Amino acid sequence: MGKKLELAVAVLNGAVGDHLARTGNGLATAMTLVANGRPLACTRAALAAAHPEASARIVILVHGLMCTEDIWTLPDGSDYGSLLARDHGFTPLYVRYNSGLPIAENGKAFAALLDALVAAYPVTIEEIVTIGYSMGGLVVRSACHLASVAAPKSAWLALVRRAMYVGTPHLGAPMERVGRVVAKLLRAVDDPYTQLAAELADLRSDGVKDLGDADLRHEDRARRLPRMSLRDPRHPVPLLASIKHFLVAGSLSTDARLASVFGDSIVPLRSATDGSCIDAATFALPPDHVRIVSGASHVALAHDARVYEHLKEWCA
Amino acid sequence: MSTRERLRGLRRLVEEAVEHGSKAVEDVHKATAARTFTVLEAIPPIAKPAKVVHTVHDLWLSGIYGAIRVGNKVVGKTLEVALDVSEDPGEREREREP
């Protein structure tokens, strides 16, 4: 019941979480670490109690839209974090947040959370590995960008040397862009019923709207920048050179063209791999930093043994 | 966030949904009726009575939807009070503790 209730609240947050936060509604989820399904305070005592054998290397997992940390759970009850603890000695930390907020706001909150974590963690942190699933990957990128432009730079940024993105729509999610066009078309029709439908369509949260073009800053959404590759020097939030980036994409179809368009059913391959599936020759990341998992749907990517094998290899 | 805070949040969200939802449906209702009344009001022999009926109709609709919103607020406030009354005095203090 507890997990189902948390999932229901997470779905509500993803759908209208910006409104909930704006109106101070008690259903709005504040960004927090969680352990065993309960919020984990970012204090030395709480972290030490939750992780008595805390390692100097931590892996922090950030879920996607409308879900909780439970999305990471594999059929056998393990998850990417606990498996990395077993195989490589990482201490896993899980984040829960209001996925209806603008990605920029969640990025800011995540950066603040990492600041607090580095200050309160029971042992000196040597490395932070991030694993972001879907929107979670964009939140990580937004936080890293904020930390890189902050003066002075956040201490945690130097500790992040590897960032892994699982099914992250780096070039945006077409489904949201279709929703945007449909809402615009409905609004253009001078009929009270279609106007009502347009209002309902516009109820979707800022977080959902940001996914359309993977807007990581408030000003990007306002400007509606043309979609560009993360290696494009004009990109407002490129992948940071100080971090090794690893991308996992899912593909439901074995046909290259279909896979390119539909990808894992939510995120096209081109978006999840920053175009490397099509344009590998000019891709900025080493080829072995990008993996495509065939037969994996978007949701399955968060708890797939094949995905874990890639993460395990990259975390070695 | 505690269960009680979430219950308060749910109560408030439902109240907001009924408030905004009833207003949206009222607008659609009036706009749809206005199409017919606009045609009737353009016919000289029945224009004046049609305008009167239109006004009465809109007033009646406003009354009905307004009553729904008032009832919604009353139910909301009642639930809020019930939540306050059922709260253990020490509960709020305990919730504030980390």
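Of the 98 residues in chain B, 2% count as buried in this predicted model. The chain holds three helices and zero strands. Along the sequence, its pattern reads α-α-α. Take the contacts in chain B between residues at least 6 apart in sequence: 73% of them join residues at least 24 apart.

Chain B also touches chain A. The contact takes 14 residues from chain B and 10 residues from chain A. On the chain B side, seven of these residues are nonpolar, two are polar and five are charged.

**The sheet of chain A**

Chain A contains an open sheet of eight strands. Their order is β2-β1-β4-β3-β5-β6-β7-β8, and the pairing is mixed. β2 (38-40) and β8 (290-294) of chain A are the edge strands, each pairing on one side only. Neighbouring strands of this sheet are turned by 30° against each other on average, direction ignored.

Strands of a sheet pair through backbone hydrogen bonds, either parallel or antiparallel. Which sense do β3 and β4 of chain A take? Strand β3 (residues 57-62) and strand β4 (residues 91-96) of chain A pair in the parallel sense, over five bridges. Within β4(A), L93(A) is the bridge partner of I60(A).

**Helices of chain A**

Helix α5(A) lies across β3, β5 (127-133) and β6 (160-166) of chain A. It runs at about 135° to β5(A). Helix α5 (residues 135-149) of chain A also packs with helix α4 (residues 103-120) of chain A. Two packed helices are described by the angle between their axes and the distance between the axes. Here the angle is about 65° and the axes are 7 Å apart. The two helices, α4(A) and α5(A), are therefore roughly perpendicular to each other. The crossing of α4(A) past α5(A) is right-handed. By class, the residues in this contact of α4(A) with α5(A) are 12 nonpolar, three polar and one charged. Among them, F110(A) and L114(A) come from α4(A), while L138(A) and L146(A) come from α5(A).

| Elements | Angle |
|---|---|
| α4(A) and α5(A) | about 65° |
| α5(A) and β5(A) | about 135° |

**A closer look at E6(A)**

E6(A) sits in helix α1 (residues 2-22) of chain A. Why does E6(A) count as partly exposed? It has 19 other C-beta atoms within 10 Å, and a residue is buried with 20 or more, exposed with 12 or fewer, and partly exposed in between. Not counting residues up to four places away in sequence, E6(A) touches G37(A) and T68(A). E6(A) and G37(A) are 31 residues apart in sequence. In space they are 8.7 Å apart, C-alpha to C-alpha.

Methods
Residues numbered from 1 in each chain as written. Chains lettered and ligands numbered in written order. Predicted model: local features only at pLDDT ≥ 70, side-chain atom pairs only at ≥ 80, totals over all residues. Contact = placed C-beta atoms within 7 Å. Nonpolar A, V, L, I, M, F, W, Y, C, P; charged D, E, K, R; others polar. Helix = DSSP H or I, 4+ residues; strand = E, 2+ residues; numbered from the N terminus. Axes fitted to C-alpha atoms, helices over the stretch in contact; angles between N-to-C directions. Parallel < 35°, antiparallel > 145°, perpendicular 65-115°, else oblique. Left-handed = near helix turned anticlockwise from the far one by under 90°. Pairing = 2+ DSSP bridges.
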